[in-house]
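Colleague: Hi! Could you walk me through this model, step by step?

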Amino acid sequence: MIVLGIETSCDETAAAIVADEGSRGRILSNLVLAQLDLHRPYGGVVPEIAARAHLGGLDRLIAQALREARLSLAEIDAVAAAAGPGLIGGLVVGTTMGKALAWAAGKAFLAVNHLEAHALSVRLCAALDFPYLLLLVSGGHSQLLICAGVGRYTRLGTTLDDAAGEAFDKTAKLLGLGYPGGPAIERAARGGDPRRFPLPRPMRGRPCCDFSFSGLKTAVREVVGKVGPFGAREEADLAASIELAICETLAERTERAIRLFRRRHPEGRALVACGGVAANGSLRLRLSALALHSGLEFLAPAPDLCTDNAAMIAWAGLERLRLGFVDALDIAPRPRWPLDEGLPERRHEVEA
Ligand code: KG4
Ligand code: ZN
């Protein structure tokens with residue numbers, strides 16, 4: 001089985017071809033056209049600029065993905081496009097292109113949930129059975145989920161305000177480090193003293209698995225105001241303090257989720273991290289130590305498969321196709337599309 005994946009939900013135009021290899025997948029091509037330079041002057045993603053850039057680059061990117069995989073459209077089995085959640089302009093561009101190609105070539109079409117694609121991306125890279133515990137941390141989402149099967153997700157906790165990636169992006173902006181903030185903070189933090197600036201650890205000790213990051217931004221703003229002129233030393237120390245505060249918070253919430261997961265799924269053997277923030281080296285180290293301590297295996301896709309890409313969209317489409325799911329061509333893209341639909345928007349899981 002071979003699937004073409006299309007990703008246009010935010011500021012990355014991406015196309016990829018993925019083949020089924022039984023217990024995992026094989027990436028035949030995986031191309032990303034980042035729009036960073038277009039959005040950088042604004043310090044964040046501008047939806048209309050993103051949609052126009054997707055429109056301008058997607059057809060060539062798909063043609064190149066097919067060329068690199070040495071395949072024609074006739075040789076693939078299905079087209080999968082991210083259909084939400086995300087910025088609607090980009091989603092319309094990607095799904096319309098995907099549907100048109102599927103229709104013209106007589107192939108199946110799959111409307112993929114972008115969050116589900118992040119959640120399943122680990123199975124593209126490694127033979128991992130359900131259930132597993134997942135920390136999904138990206139620019140738009142911070143969630144702890146139990147993944148019990150394709151389409152079977154239970155949310156244990158979520159962010160009450162900013163996502164972890166947003167916390168990196170907004171505090172990086174306060175430090176004048178540019179966009180995207182996560183990689184910029186990680187770079188700036190090298191050699192910095194993470195204990196120099198004590199920053200809050202929101203939600204620490206609460207008997208649930210939810211996150212909150214907006215207080216961190218306020219605390220960083222205060223430090224920046226108080227310290228005065230910033231030298232390289234201050235920048236490194238504050239970047240390191242921010243990284244530590246975010247990583248420690250994520251790890252503490254995850255530790256709590258592990259206890260819930262173990263109780264519900266004693267057979268589960270893995271802790272997985274995915275989404276752009278999971279590309280962070282110190283978060284990976286911290287989670288891997290936590291997993292080891294809890295008797296779980298730690299898995300995370302390679303950093304370039306943690307940030308937005310189309311290989312994960314193709315793979316999620318492939319997982320669904322294997323189970324016999326296909327979507328009709330009149331399916332509409334959705335700006336909001338929770339993974340655990342049917343549940344109320346926010347559900348607090350509290351430890352007994
Ligand atoms: O998954 P992703 O590429 O897009 C969304 O679906 O949101 O995640 C983007 C987020 C951004 O907030 C970015 O700052 C963050 O992931 N990020 C990182 C790192 N690389 C990307 N955060 C911390 N450390 C990194 N190395
Ligand atoms: Zn994403």
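Predicted model: local features only at pLDDT ≥ 70, side-chain atom pairs only at ≥ 80, totals over all residues.

Colleague: Great. In what order do the strands β1 to β5 sit in their sheet?

Modeller: The order is β3-β2-β1-β4-β5, in an open sheet with mixed pairing. Strands (E, at least two residues) and helices (H or I, at least four) are DSSP runs numbered from the N terminus, and two strands pair if DSSP finds at least two bridges between them. At the edges are β3 (25-34) and β5 (108-113), each pairing on one side only.

Colleague: And which way do β1 and β2 pair, parallel or antiparallel?

Modeller: Antiparallel, over 6 bridges, and these two strands form a hairpin with 4 residues between them. G5 has A16 in β2 as its bridge partner, and A16 in turn has N30 in β3 as a bridge partner. Strands β2 and β3 run antiparallel too, joined by 9 bridges.

Colleague: What about β4 and β5, how do they run?

Modeller: They run parallel, with 6 bridges joining β4 (residues 78-84) to β5. One spot to look for is V79, which stands opposite F109 in β5.

Colleague: Why do you call β2 largely enclosed?

Modeller: Because 8 of the 9 residues of β2 are buried. Buried means under 20% relative accessible area, exposed means over 50%, and partly exposed is in between (1.4 Å probe, protein chains only).

Colleague: Which strands does helix α4 lie across in this sheet?

Modeller: Helix α4 (residues 114-125) lies across β1, β2, β3, β4 and β5, running at about 100 degrees to β5. For such angles, axes are lines fitted to C-alpha atoms, for helices over the stretch in contact, and the values run from 0 to 180 degrees between N-to-C directions. Contact itself means heavy atoms within 4.5 Å. Helix α4 also lies across β6, β7, β8, β9 and β10, at about 130 degrees to β6.

Colleague: So what is the order of the strands β6 to β10?

Modeller: They form an open sheet of 5 strands in the order β8-β7-β6-β9-β10, with mixed pairing. The edge strands here are β8 (152-158) and β10 (297-299). Inside this sheet, β6 and β7 pair in the antiparallel sense over 6 bridges, and L134 has L145 in β7 as its bridge partner.

Colleague: Switching topic: which residues coordinate the zinc ion?

Modeller: The zinc ion (ligand 2) is coordinated by H114 (NE2), H118 (NE2) and D308 (OD), at 2.1 Å. Donors are N, O and S atoms within 2.8 Å of the metal (3.2 Å for Na, K and Ca); water is not among the atoms, so sites may look incomplete.

Colleague: Why is the arrangement around the zinc ion irregular?

Modeller: The 4 donor atoms subtend angles of 95 to 144 degrees, which makes it irregular. Four donors count as tetrahedral if all angles lie between 85 and 135 degrees; four count as square planar and six as octahedral if opposite donors are over 155 degrees apart and all others between 65 and 115; anything else is irregular.

Colleague: Are H118 and D308 buried or exposed?

Modeller: Both are buried.

Colleague: Which residues have the most contacts inside the largest nonpolar core?

Modeller: L199, I246 and L250, in a core of 46 residues. A nonpolar core is a set of buried Ala, Val, Leu, Ile, Met, Phe, Trp, Tyr and Cys residues joined through side-chain atoms within 4.5 Å. Helix α8 gives the most to this core, with 12 residues.

Colleague: Last one: where are R24 and S138?

Modeller: R24 lies in the loop between β2 and β3, and it counts as partly exposed at 37% relative accessibility. Residues touching R24 include R123 and W315. S138 is in the loop between β6 and β7, and it is buried, with a relative accessible area of 9%.

Key
Residues numbered from 1 in each chain as written. Chains lettered and ligands numbered in written order. Heavy atoms only, no water. Lists of a residue's contacts leave out its neighbours within four places in sequence.
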